[in-house]
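Please look over the sequence and the structure first, and then read on.

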Amino acid sequence: MGEEQARIATRDEPHDAITGVFNEVAVGRCRSAGRINGQRTPRAVLTALAFVKKVEYFARGRSGSLETQAYALVNARAFFDVDLNKFAHRDLPVASPETFGHSESVTSNERIQKALLAWYRKNARDLPWRRTQDPYAIWLSEVMLQQTRVDTVIPYFDRFLKELPNVEALAEATEDKVISLWSGLGYYRRARMLHEGAKAIARQPFPRTATALREVKGIGRYTAGAVASIAFGEVTPLVDGNVARVFSRLFGIDDDLRKPKGMDRIWSIAGTIVAKDDPGSWNQALMELGATVCVPRAPRCLICPLAKECHAHANGREHELPVMSAKRAPTVQSRVALALLADDGDVLLARRNESGIFAGMWEMPSIELQKDETPEACAKRLSRSLGASCEAVALRGEVVHVLTHRRLEVSVWGAALRSFSPPRPTHLAEYDTVALMSRDEGAKRTKSTYGKKLMKMGFPTRSRGR
Ligand code: SF4
């Protein structure tokens, strides 16, 4: 196809970006571009022509993700001086983009960056962690925001920073203090890892790159990317659930995002497209778009700054993407908990092992109900394991607590404690300590929402006298 033909073929097409590149090709700027595997073989020419036809198809706005368009364009450029008419009616093979190992179209990426950053500057929510460049505060916010909603996090974030304003203060704080400040946010392992990380960081200058941050125990790929890009301006990507959804729809990624291959692909795209001049804002803008516009169930494409570039929107696939295989249903675990109250008003509590679910947390002791065991028999077995003798064991009620992969259904039994001589070590696999303490102390030590639910059910009214 000659230059004039290319101009004629493309001047009336509606898609500016595609016609722009076709015209660029037509004026000869890319005519000397390379060959497939360094050779212009008949097969390579046919493949390139197939791409040319695909580009024409996409240019009419019918199909194709930006990514595929980009690949097609790159390959079309290399062969544009071939007479297309000779092959116009053949059934041409289409090679996959991977055949050629090309990356995203730079032009397309730049348009996306410009549109999204402009939108973010106008529409970003005013959140406390966005008013600071302090890496400690940004790190704290990112850890708190994992699996927790923004509205829930704000008061916790403010209180935590007020009490422990810098990484040194966090490193020196007791675990009890850290867990108290976290109490109610759930997923307490996050708080413990944050605490551990602070102890490591306080001994050195704050790591400034994603690679250095990942050396710190408990800091993963996402958090490292967030802190390095937002606090230190490192050109490094991040991917969370919101970002993955946006990229899947924007570029028409059909891979299952619950599989490592799918997420690897998203990370690879994120690394290619991260804005070099303001990576921190870019990463936040992506997350903001996913949280407020490109939301899971009803994406608001009409007000989306990327609508013109979006594969899913152009092809009516907003509700098809991202592809996510079904979540594993949480396994149900039936347990029995025992609320033991001594004559003097003390309560019997147990502390979870240092690893595993609710690690290190105090709560009313409980064990898993065995197959064919009645809850009452299980409650008695539990009291024996605790080294407690009790009377009048009675059902108080049931507590249900849902975790990411587990649903705990706990039958709560109460009894008067007559004597207590705890075996050491404890006979309970999930606890390392069992102790009697006052109701007030018990309430203070019970910090998990799960533990608080058990306490409320097991000791419904406060006893007087202590
Ligand atoms: S146009 Fe719609 S589907 Fe595409 S990125 Fe925007 S909100 Fe998401």
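Of the protein's 466 residues, 39% count as buried, a residue being buried if 20 or more other C-beta atoms, placed from the backbone, lie within 10 Å of its own. This is a predicted model, in which local features need pLDDT of at least 70 and side-chain atom pairs count only at pLDDT 80 or more, while totals for chains, interfaces and linings use all residues. Residues are numbered from 1 along each chain as its sequence is written.

**Overall fold**

- The protein has 19 helices and 7 strands, which are DSSP runs numbered from the N terminus (helices H or I, at least four residues; strands E, at least two).
- Among contacts between residues at least 6 apart in sequence, 68% join residues at least 24 apart, with contact meaning that the C-beta atoms, placed from the backbone, lie within 7 Å.

**Around the ligand**

- Cys294, Cys301, Cys304, Cys310 and His313 come nearest among the 15 residues around the ligand, where a residue is near if its C-beta atom, placed from the backbone, lies within 6 Å.
- Helix α13 gives the most to this shell, with 3 residues.

Definitions and conventions
Buried ≥ 20, exposed ≤ 12 C-beta atoms within 10 Å, placed from the backbone. Contact = placed C-beta atoms within 7 Å.
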